[in-house]
Amino acid sequence: MPLLESGARGTADSADKEGRRAAVMAALDTVLDPELDEPVTTMGFIEALTIEGRTAEIVFRLPTFWCSANFAFLMASDMRCAVESLPFIDVASVRLVDHFASRKINQGVAAGLGFAAVFSGEAETNLEEIRRTFRERAFLGRQEKLLRLLAGLWGVEQALATTMADLDALNGHDNDEVRGLTLRYLAMRRHEGSSAAPDAAAFITLDGAPVTTAGYPVHLRALRSARGAAEANAEMCRLYLEARIAHPAPGCEPENRQDEDDD
Amino acid sequence: MYVTPQGDEIFVVDAHIHLWDARPENRRNRYGLTFIESFWGSHVGMTPKEQRWDFDRFCHYGVEGAAKDLFEDGYVDHAVMLPTNLHDFYVDGFNTTDQCAAFKRAYPDKVVLNGRCDPRDGQRGLERLEADFEKYKFKGVKLYTAEWNGVSKGYTLRDDIVAPYMEKCIELGIKVIHIHKGPTIHPLNLDAFDVRDVDHVATAFPTLKFVVDHCGMPRIDDFCWIAGQEPNVYGGLALIPSFIHARPKYFAQMLADLLYFLGPDRLLFGSDYGITSPKWIVEKFMAFDFPEDLAREAATPLTLEVKRKIMGLNAAKLYDLPVPAACRLANAAEDDGEILLARGAIDAAA
């Protein structure tokens, strides 16, 4: 923290407060809706954020009362982790509102319980499996955007010849779009289990095989479909959330909010 | 009947409608409110501002309201009803076969009534299906794999319990199986929105036609892949055409995928009424064409003939609905053949 002239103390406090707030929001930017591969912040899910001392309270709301409990749980626990990793926060209290399982999710995340424990007897599918399924989709979606861009710039053959070393170099490219898409793809490409050696192919299928020129049209088609599905779904969520905020159904306005549970 | 500016008459089948009752007096609990609230978000989000209803009408529009929205204003020649029970949320149910039957009684020549069944109900469910069929003689049934039933939080079409129900449908002459694969009620399990189980049942029962309602949204890419391989799987579009106003780009993208993988003969228009009314969707869809890049990806040009098929002729074939001569395709000989064949199969089974 910079040394301050005593007269500037008040302004500095508020600047500090703003700074901490911005840091919490930046931490929340890293939390993705696993189904949509979009940050919870840009999706508009964060309704309120308050910071008192070393405690942050995050209130979030999803597009509908009946949005999937598993994704809601994942986002809530990821939010807690992301915010509690900040050095000036000890406790991040995450509160999902207007959702059929809000009480269970809020209590479960606060207690550090796993999804299976919270929804024992109700959910048979392992949450990690769902997370993996959607990570794969997100991987394909990110690959599609970058691959399409590079194929447009360099031609298909050269784009497919991109290695991991080339990707690292692209990460410093002076074109914002190239750099942004590379960064997003690279973050997932490194964690997909396949070789990330400098000479390894950058663009691979889910099985880890390099995408070939011959296989490109079919591969691109599958990628486009996966990305298109996620994007259309994200748009639907945005529309529903906007509607929920701007035109709440009578009885469902924020002042009529109830602590919900699915028991 | 929709008439294009050029004077072409288009036969319209709305292949996905409801007649629901979400009035306060029918709500069993707060879920009854929050469930219709989710639908309301869809109505507000998707419907052009000047076409939106007020919330009270949205909760209950009744037989006459539906007739006006569909048959008078909405260009609809035939409407296909998809029941949903939801007795846990609503005292008399939300949109049961019995509730839907009131619409069928009032407009017997315009309404196609479907039944519903739940393979988890075992022998009792089979008897119920038989009794319902005796009463209503429906051509199709709806299955809702994500629905809760006692301790079960959903099932898949791979489960052994499903086959006896499919066999019973064949025995009764029910040939259309609607499967709700879209945004779910009370979703907890991955299975609730997995569409891959359709593959299994479609292969095992090739004489039945499987309509996947909402095309598996949000798993529309999985759906395209499966339906591309199974000739007896159809895409019930309901929800997808609703994007045409608020998000036309995504509507175009999804339609391009569906046409590429399924072709023009297995897509069924549906408005998902009363989520929204068909009027504005029909108008916008008839005026719609792909941007150049998506036209290439769709590989099927969106000609008037293709629009005729999606708008009504495909559903007419599936449900043996009479099509006025002016609305048929120029070369309809092969289509008639298939209808006759399907009728023959029903007669043989009955």
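Mentor: Let us begin with a term: two residues are in contact if their C-beta atoms, placed from the backbone, lie within 7 Å. This is a predicted model, in which local features need pLDDT of at least 70 and side-chain atom pairs count only at pLDDT 80 or more, while totals for chains, interfaces and linings use all residues. Residues are numbered from 1 along each chain as its sequence is written, with chains lettered from A and ligands numbered from 1 in the order in which they are written.

Trainee: Among contacts in chain A between residues at least 6 apart in sequence, what percentage join residues at least 24 apart?

Mentor: The C-alpha trace of chain A spans about 60 × 55 × 35 Å along its principal axes. If we take the contacts in chain A between residues at least 6 apart in sequence, the share that joins residues at least 24 apart is 67%.

Trainee: How many helices and strands does chain A have?

Mentor: Helices (H or I, at least four residues) and strands (E, at least two) are DSSP runs, numbered from the N terminus. Read from that end, the elements of chain A run α-β-β-β-β-α-β-α-α-α-α-α-α-α. The count for chain A is therefore, under that definition, nine helices and five strands.

Trainee: Is E52(A) buried or exposed?

Mentor: E52(A) has its place in strand β3 (residues 46-52) of chain A. A residue is buried if 20 or more other C-beta atoms lie within 10 Å of its own, exposed if 12 or fewer, and partly exposed in between, with C-beta atoms placed from the backbone. Because E52(A) has 9 other C-beta atoms within 10 Å, its class is exposed.

Trainee: What is the bridge partner of T50(A) in β4(A)?

Mentor: Two strands pair if DSSP finds at least two bridges between them, and six bridges join β3(A) to strand β4 (residues 55-61) of chain A, which run antiparallel. The hairpin of β3(A) and β4(A) has two residues between the strands, and G53(A) takes a positive phi near 60° there. In β4(A), the partner of T50(A) is E57(A).

Trainee: Which element gives the largest share of the side of chain A that touches chain B?

Mentor: In this contact, 35 residues of chain A meet 33 residues of chain B. The elements that give two or more residues to the chain A side are α2 (69-84), α5 (127-154) and α9 (216-246) of chain A. The largest share, 13 residues, comes from α9(A).

Trainee: In which order do the three strands of the open sheet in chain B lie?

Mentor: The pairing in this sheet of chain B is parallel, and β4 (residues 78-81) of chain B pairs with β5(B) over three bridges. The edge strands, each pairing on one side only, are β3 (13-17) and β5 (111-113) of chain B. The order is β3-β4-β5.
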